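Hi,

Here is the structure I promised to pass on.

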Amino acid sequence: MSLDTGTDALARLAEERVDHRFRGLPPDAEGHTVGELAAQRRNLFSDGFTTPVLALSAEHLEHNLALMESYTARHGLAFAPHGKTSMAPQLFRRQVERGAWGITLAMPHQVRVARAFGTRRVFLANELVDAPALRWIAAELARDEDFRFVCYVDSVRGVELMDEALRGTGRPVDVVVELAAGEGARTGARTAEECAAVADAVAATGTLRLVGVAGYEGEVPRADPDRVRAYVRRLVALAAGFDAAGRFAGLSGIVVSAGGSAWFDVVAEVFAEIPELSLPVLKLLRSGAYVSHDDGHYRELTPFNRVPEEGALEPAFRLWAQIVSRPSPGQAFANAGKRDAAHDLHLPSARVVRRGGVQRPATGITVTGLSDQHTWLETAPEADLEVGDWIGLGLSHPCTSFDKWQLIPVAEADGTVVDYIRTFF
């Protein structure tokens with residue numbers, strides 16, 4: 001797939017017509033294209049948007065993209081941010097333009113979305129044994145010589161199923177052996193011996209090619225810096241052992257990959273220790289939540305809390321709802337709920353209140369629960385809150401924020417909407 005084809009597909013997103021599918025948009029925008037609506041530069045607060053509406057901060061989004069670009073460059077890391085966070089091809093393109101090697105994904109459908117919009121390099125951080133999906137991948141590799149695809153393997157049986165599905169296809173599928181983060185962790189071969197058996201099985205096929213090792217340190221049991229460091233060093237040792245055994249002969253480089261959004265500082269530290277191997281090493285980081293960051297889970301876990309001298313991410317999401325009921329001095333309800341807000345890790349948090357064009361901190365207002373379509377708010381005596389006010393909620397967990405909204409306005413600090421992000425879940 002050519003870059004032009006991907007660019008054309010992105011351009012066609014602006015030709016989609018606004019209708020009832022897209023929550024929060026101005027009712028009088030019905031029938032306009034997304035591009036026409038963006039060109040109008042409407043104000044989120046005064047030009048017809050309805051609540052609830054999820055918005056992304058234009059400034060914070062750009063800040064986060066730039067910060068991780070500079071961070072990975074400074075630490076000599078290649079970057080394949082996890083696209084499952086946003087499933088937004090417009091953001092994939094911006095990430096690649098800001099230096100990303102490619103995009104990490106988790107499921108075959110996500111790869112199809114990325115390819116439809118011109119993504120040339122995909123790292124599938126998951127095992128793939130689905131025969132129709134494998135044959136589609138093989139067809140993409142045969143059709144586009146510039147397409148690079150890498151996925152996990154962690155079992156001999158998985159290798160057998162992949163080989164069976166891929167027999168008779170052209171280019172071999174590149175794979176990395178996944179090392180589990182410990183007993184009871186998620187996927188991955190548990191020991192170096194099991195990893196070697198998987199590598200041997202790959203070598204015995206003509207359909208797969210071993211190109212490296214990978215893992216996910218976020219699954220380390222009772223994770224702390226020392227335990228995570230020890231696991232990533234096991235991963236590096238596995239790569240070095242495979243290299244010494246000649247398992248990467250004939251390649252142009254070796255892939256060593258790790259890195260979620262909670263421990264990438266430790267990954268960067270250990271990857272800097274990778275010894276000289278027989279081939280260049282692609283040190284591939286996969287952190288994805290950074291693009292929007294959040295006001296909850298990742299605000300607490302981000303490595304930038306441990307290394308503040310490296311910078312700080314900024315929460316880009318704000319869910320705007322309206323106060324629709326104030327039944328008692330200590331209670332209020334807003335018109336956003338579980339259908340609108342991420343709630344799998346933390347409840348939303350009350351951040352700001354707007355009334356009459358004036359915005360102020362949400363002092364004395366606490367989110368205590370979510371119904372399907374309501375936010376439960378507890379209000380202290382100092383809370384100044386009336387029916388009709390807009391309340392800006394901070395969200396926790398980007399992955400389950402993006403997936404609730406198909407078209408997300410991107411707003412500047414004064415409320416001017418300059419773009420719309422289309423998601424594909």
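This is a predicted model: local features need pLDDT of at least 70, side-chain atom pairs count only at pLDDT 80 or more; totals for chains, interfaces and linings use all residues.

Residues are numbered from 1 along each chain as its sequence is written, and side-chain values use heavy atoms, with hydrogens and water left out.

Helices (H or I, at least four residues) and strands (E, at least two) are DSSP runs, numbered from the N terminus. Helix 9 covers residues 225–244, 20 residues in total, and spans 28 Å from its first C-alpha to its last. That is close to the 28 Å expected at 1.5 Å a residue (the expected span being 1.5 Å times one less than the number of residues). Its buried residues (under 20% relative accessible area; exposed is over 50%, partly exposed in between, with a 1.4 Å probe and protein chains only) are V228, R229, Y231, V232, L235, V236, L238, A239, F242 and D243. An α-helix has 3.6 residues a turn, so residues three or four places apart point the same way.

At the N-terminal end, D224 caps helix 9, with a side-chain oxygen 3.1 Å from the backbone nitrogen of D226. After helix 9 comes G246, which has a positive phi near 80 degrees.

**Salt bridges**

There are 31 salt bridges in the structure (a side-chain nitrogen of Lys or Arg within 4 Å of a carboxyl oxygen of Asp or Glu). Here are a few to look at:

- E16 pairs with R21 at 3.1 Å, N to O; E16 is buried at 17% relative accessibility, and R21 is partly exposed at 35%.
- D163 pairs with R167 at 3.1 Å, N to O; D163 is buried at 13%, whereas R167 is exposed at 57%.
- D372 pairs with R339, with the closest N and O atoms 3.2 Å apart. D372 sits in the loop between strand 14 and strand 15, and R339 in the loop between strand 11 (331–334) and strand 12 (349–355), so the pair ties together parts that are 33 residues apart in sequence.
- R355, R360, D384, E386 and D389 are linked in a salt-bridge network.

**The hairpin at strands 14 and 15**

Strand 14 (residues 365–370) and strand 15 (residues 375–379) run antiparallel and are joined by five bridges (strands pair if DSSP finds at least two bridges between them). A hairpin of four residues connects strand 14 to strand 15. Within the pair, T366 stands opposite E378.

**Two buried threonines**

T51 lies in the loop between helix 2 (34–40) and strand 1 (53–57), and is buried at 16% relative accessibility. Its side chain makes polar contacts (N or O atoms within 3.5 Å; within protein, one must be able to donate a hydrogen and the other to accept it, and residues adjacent in sequence count only if both atoms are side-chain atoms) with the side chains of Q322 at 3.5 Å and N335 at 3.0 Å. Leaving out residues up to four places away in sequence, T51 touches (heavy atoms within 4.5 Å) W320, A321, Q322, N335 and W390.

T400 is in helix 12 (residues 399–402) and is buried, with a relative accessible area of 18%. Beyond its neighbours within four places in sequence, T400 contacts A342 and D344.

Cheers
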